[in-house]
Amino acid sequence: MGRWLWRLTKWTALILLVCMGAALVAGRALLVASLPRESGEARLSVLRGRVEIERDDRAVPILRASSGEFADVAAGLGFVHAQDRFFQMDLMRRRAAGELSELLGPFALPSDRDMRRFRFRSVARAFIESLQGDHRAWIEAYAAGVNAGLADLTVRPPEYLALAQSPKEWLAEDCILAVLAMHHGLSMGARAELQNDVFTSLAPPGVARFLMPETARADHPLIGEPGDPLPPAPIPGPEALTPWPRDLPRKSEPERPQPLGSNNFAVDASLTADGRAILANDMHLQLSVPNTWYQAQLEWGGRRAVGATLPGVPGIVVGSNGHVAWGFTNLTGDFEDWVLIETDPKDPTRYRSARSAGLVPFGEIIEEIKVRGAAPEKLTLRTTEWGPVIQRDALGRPLVLKWPCLDPTTLNLNILNIVNDDTLEAAVATARSWWGPPQNVLIASSDGRIAWTISGWIPDRLGFDGRTPASWAAAGVGWAGPIDDARRPAVIDPPSHRLATANARTLPVEQSRVFGWCWAAGDRAARIDERLAERTRFDESALFDIQLDTRAASHEPIRNLILESVGANDPDPIIAMAWRSAKAWNGRADADSVGFRVIDRFSVLLHDRLLGPLWKQHRRTDPLFNYWCFQDDEPLMRILEERPAHMLPPGHKDWTSFFRATLRASLKDATTKEDYPADFTWGDLQRANIRHAFALAVPLLGRILNMPTDRLPGHSSTVRAQGRSFGASQRLVVSPSHEDEAIFHMPAGQSGHPLSPHYRDGHEAWVKGEPRPLLAGPPVSSFRLVPE
């Protein structure tokens, strides 16, 4: 009996293993069938001629339209985007529209409730309905290409197999949703205004100006003198450390703006050996798998454009067309305003109107959020003549958001035209006319010239400054329209022969206030200018080297503080080790640097312990409230320099003892409370956390879907701006008409399919800072799209 049972068990286990193996083989075969086409032909009704598509050994496609029409390469681009990246595109449009729950179920409802307030789907639909000419033809051709690419797959993309769902058709308006998603991610003014309102309305006087400085010592504008041109705000007195007199009636949202790090810089013909101009651009974003961008080479009608594309949108976002090259950094200005709604104190269903000069009733819009596996959820929005109420101010009063991307008449797609521009002046005009997320646009031309300007629909404010919510019910308050073009700056053929921007203030203070007030710190811009001033001859590799610069000058004062406050013979061996590491620091945020890890952790804890008392008390009633300011080093340095007695945290007899205690605390892991090992480096602390959306929901999938946890160099204050899940979403160095010598790389790979050899094949070069070519190499596969 025992032997029979053993045999039965053995054969049962063997059969189960065979079945599991067969299931794995079948599952893999199913997934392989969802990989993109590599040969043959597919039919597409919108084409006017054939589109030949070749891919090189990195899966970079070359798309050639025999008709000479850009609409045909747009259709081809939609086809390859869909086959390589459709799930990414789907999440982008759904996130913007507040429609994730329809695909993912109830856990996505918080995101949908947040995003549905903006009613981006309605904006996108209205925009498409009014769109005409080439832009409409290109968008419609692209959407047709997306749907043809999806239909051509033998098996739907693997994410939909896992979700037991089928992908929905791509609409022309979904392209606009992808654009609006970028608007949302790159806009920061509304968040800054809400925080400033909290400090202005609830905190003691002086806290707002001190914690949110408009200028700082690190400022390095493109036009004007470096340094802080304004008198520094006084350090708030002892009354600022007492409980705030009033609590915030609303609760803060947990979202904080992403870090900043984008750079673009250029040199003109006088600084290169053969008279070429060279442009460098690295746009920094939250990093995920797959990457934001998709590399492509488009050829039509004797023209060629090459660079980074955005899956969901036709055209080259940053790149070169042989005549001009272009790149962006986020302007980081303020183009959003909160309209304070004055309700009738006797009847809260009525508000004061500017149109009728009296009280009128609120309107109402009901948005329905579809939820997979559950009943739809209704979201009711009160509406006004300025838009729906979506927030409350620090005193609990209703607010409406005015934002150019909420109005289809203040959007356009003019940047798509830049692929056809042949001269510097034409490209500058295109950039100035583009109403997208406002950007610093840098341009280089094939005749060796360079230029900078600002893009975007910039509001012309009347009767208020935009730093706190204001009522628009009175006459003469509101937006008069976009600013006059004469107020939009430009620099063409700079006398220095160099240009650079890095999200920071670029203009003298008074002029800059047209565009914003809560700027990024100037450290990166200053360092780029310093590196550009070191040489009189540049080539592509020299500019690429600047993109990888990890010099961290902003940490020098913190290093000096360590060296002054403790010593090599401190009785605590951990502190003595920290002193030696700080003393030996080479000034860079290198992955193998122990010194930078010591200095940065000390800096972070100083920010918390010295600035925290000015705002953390508000967390008593609003636990999610968080202070953020891109220039928060400035108020910290003021306290460290002046060291007023009332700012010394309790429990310390003097500032030196406080610094020693804070340094000791910073040498412990905040999670484990254990001391960091003596050889624990910056890279050990800053390990990559670049994840696929599925791995966020199912962490076990991370081993398959996420990028490796590499030790990463760089810091948010360095030119190579880097965090664990934030960094350069691409790096480009190019001279127009010399694209064969250009450099391009990005994290992850071209494909969004985990079984593709191109899912992560570009990642190692990105981590190591190794150059890869911009142009596609020799083809390893090809197919064609033909008209029906």
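**Helix packing and aromatic contacts**

Six residues of helix H14 are listed as buried: Glu-540, Ala-542, Leu-543, Phe-544, Ile-546 and Gln-547. The model examined here is predicted. H14 spans residues 540-547, and six of its eight residues are buried, which leaves the helix mostly covered. The cover over these residues comes from several elements. It includes two strands, S4 (263-267) and S5 (278-282). It also includes helix H13 (523-533) and the strands S29 (731-734) and S30 (743-745).

The buried set is made up of Glu-634, Pro-635, Leu-636, Met-637, Arg-638, Ile-639 and Leu-640. These residues pack against four helices: H10 (207-211), H15 (556-565), H17 and H19. After H18 comes Arg-643. Its phi is positive, near 45 degrees.

Helix H19 runs from residue 655 to 666 and contains Leu-663. The relative accessibility of Leu-663 is 1%; the cut-off for buried is under 20%, so Leu-663 counts as buried. Neighbours within four places in sequence are set aside for its contacts. Leu-663 then touches Ile-562, Val-566, Ile-575, Val-598 and Phe-602. Pro-167 lies elsewhere: its C-alpha atom is separated by 53 Å from that of Leu-663. Along the chain, the two residues are 496 residues apart.

In one, helix H16 (residues 573-583) meets H17. Their axes come within 8 Å and cross at roughly 110 degrees. Angles of 65 to 115 degrees count as roughly perpendicular, so H16 is roughly perpendicular to H17. On the H16 side, the contact is made by Ala-578, Ser-581 and Ala-582. On the H17 side, Val-594, Gly-595, Val-598 and Ile-599 take part. The crossing is left-handed.

H2 contributes Met-92, Arg-93, Arg-95, Ala-96 and Ala-97. They meet Asp-174, Leu-177, Ala-178, Ala-181, Met-182 and His-184 of H8.

Aromatic rings were then considered. With ring centres within 6.5 Å taken as a pair, the count comes to 28 aromatic pairs. One of them joins Phe-596 and Trp-682. The rings are 4.8 Å apart, centre to centre, with 90 degrees between the planes, and the pair is edge-to-face. Phe-596 lies in helix H17 (residues 594-611) and Trp-682 in helix H20 (residues 682-685), so the pair ties together parts 86 residues apart in sequence. Both Phe-596 and Trp-682 are buried. Elsewhere, one aromatic cluster is formed by Phe-86, Phe-87, Tyr-160, Trp-170 and Phe-694.

Charged groups also sit over rings. The charged end of Arg-117 sits over the ring of Phe-118, at 5.2 Å from the ring centre. Arg-535 places its charged end over the ring of Phe-538, 5.5 Å from the centre.

How values were computed: Residues numbered from 1 in each chain as written. Predicted model: local features only at pLDDT ≥ 70, side-chain atom pairs only at ≥ 80, totals over all residues. Heavy atoms only, no water. Phe/Tyr/Trp six-rings, centres within 6.5 Å; stacked < 30°, edge-to-face > 60°. Buried < 20%, exposed > 50% of the residue type's maximum accessible area, 1.4 Å probe, protein only. Lys NZ or Arg CZ within 6 Å of the ring centre and 35° of its normal. Contact = heavy atoms within 4.5 Å. Axes fitted to C-alpha atoms, helices over the stretch in contact; angles between N-to-C directions. Parallel < 35°, antiparallel > 145°, perpendicular 65-115°, else oblique. Left-handed = near helix turned anticlockwise from the far one by under 90°.
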